[in-house]
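Hello,

Here is the structure we talked about. Please open it and keep it beside this note.

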Amino acid sequence: MPVIDKISANTEELIAIRRDLHEHPELGMEEVRTSGVVAEHLNRWGIETHRDIGNTGVVGILKGNGDGRTIGLRADMDALPIDEKTNLPFASKNPGVMHACGHDAHTTMLLGAARYLSETRNFSGTAVFIFQPAEEGLGGARAMLADGLFKRFPCDEIYGMHNSPTGKPGKVAVKPGQAMAGADFFDIHIRAAGSHAAMPHQSIDPIVIATSLVQQLQTVVSRNTPPTQPLVLSVTQIHAGSAYNVIPSDCTISGTMRYFDTTLANKVRDRMRSLCAGMASGYGIEIDIEIREIFDVLVNDEALSQVLLDVAADVVGKDNVAVTADVVTGSEDFADMLRVIPGAYCTVGHEGTLPLHNDGFFLGEEILPVGASIYAKLIEQRTALTG
Ligand code: NI
């Protein structure tokens, strides 16, 4: 693959950076060491560095050799609450925390581009390197936006990428338009009445109510949303009880909704509230439902999706880039940034086929110079344009 020679020459350094980050993963909003490593590298390469944006976020600013546009590149830095089971020599040294989504590689690829661009400056305009905290549902993009990310560092276009364990190194894919789902997280608190388990008639059993409510929630997608419109409603947690002989007084149900149409999402939210209210009224108890909007629908700008594919094709070859037809019901908080600045988001395939978020997740490091080269070429090609 024709990655940029000067980036390819730094592959060993990229691998070292990635393995160091992998060994020291940090959860969202706790990326103190990680953001320190990022800032240290940017400083060493003479890149203007801004820290503590959206908590632990870092922004690097690099001006080229003349006037031009400003292009933003974004990588995420956080890890997941997973106990790593890879047995790699550079496996996590932080028990219960693992880079199981490859954000260590995303950060490394952006650093690789930053180093190359700082050494070559073969571009006009300005590169904005955005290192974001807390992508995994903890609102890192929103935190950076609330901290004035694009007011302080206005960008004309922004781009991001995610590794994809397809077992197909260097395959780049973009879904123009709506690409990834918007996501809610919800918690339902059932406050009923406990009793001795041998005398259930003295209780209002929250477990019976909860299991029934879960079944009712399953009818929302099957009976209230059009079959032609994708929407997912998954209950993922039920918490109640602490003994064999006690009917508890409380039960909590939690889960997530994924959607592409906000009107339909609102209908589903209403339906969920109605089912809870109906159940509360029927049993004479209190049921509170809290629905939090976590991610927006990710929308790739149609024209800039093609730009991203064309630039990627320069690196991986025309045969290795593809427009994806299907939306993904996963979510990604780069969506929040794309609502403010037009841009596009792609996936880059690599060796390894265990899914993201798996405790044995393996990332093929051949992706590092590939991603760094795509980022670098985006800056070289997109800053020079006018208008
Ligand atoms: Ni991820």
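First, the ground rules. This is a predicted model, where local features need pLDDT of at least 70 and side-chain atom pairs count only at pLDDT 80 or more, while totals for chains, interfaces and linings use all residues. Residues are numbered from 1 along each chain as its sequence is written, and side-chain values use heavy atoms, with hydrogens and water left out.

**The domains**

Domain 1 covers 5-177 + 298-382, and domain 2 covers 182-295; the bounds come from an automatic or database domain assignment. Their C-alpha centres lie 37 Å apart.

**The interface**

The two domains bury about 800 Å² between them, 63% of it on carbon and sulfur atoms. Buried area is the accessible area (1.4 Å probe) that two parts lose on being put together, summed over both.

**The nickel ion**

C101 (SG), H103 (NE2) and H162 (NE2) coordinate the nickel ion at 2.1 to 2.2 Å. Donors are N, O and S atoms within 2.8 Å of the metal (3.2 Å for Na, K and Ca); water is not among the atoms, so the site may look incomplete. Along the chain, the donor spacing is C-x1-H-x58-H.

Best wishes
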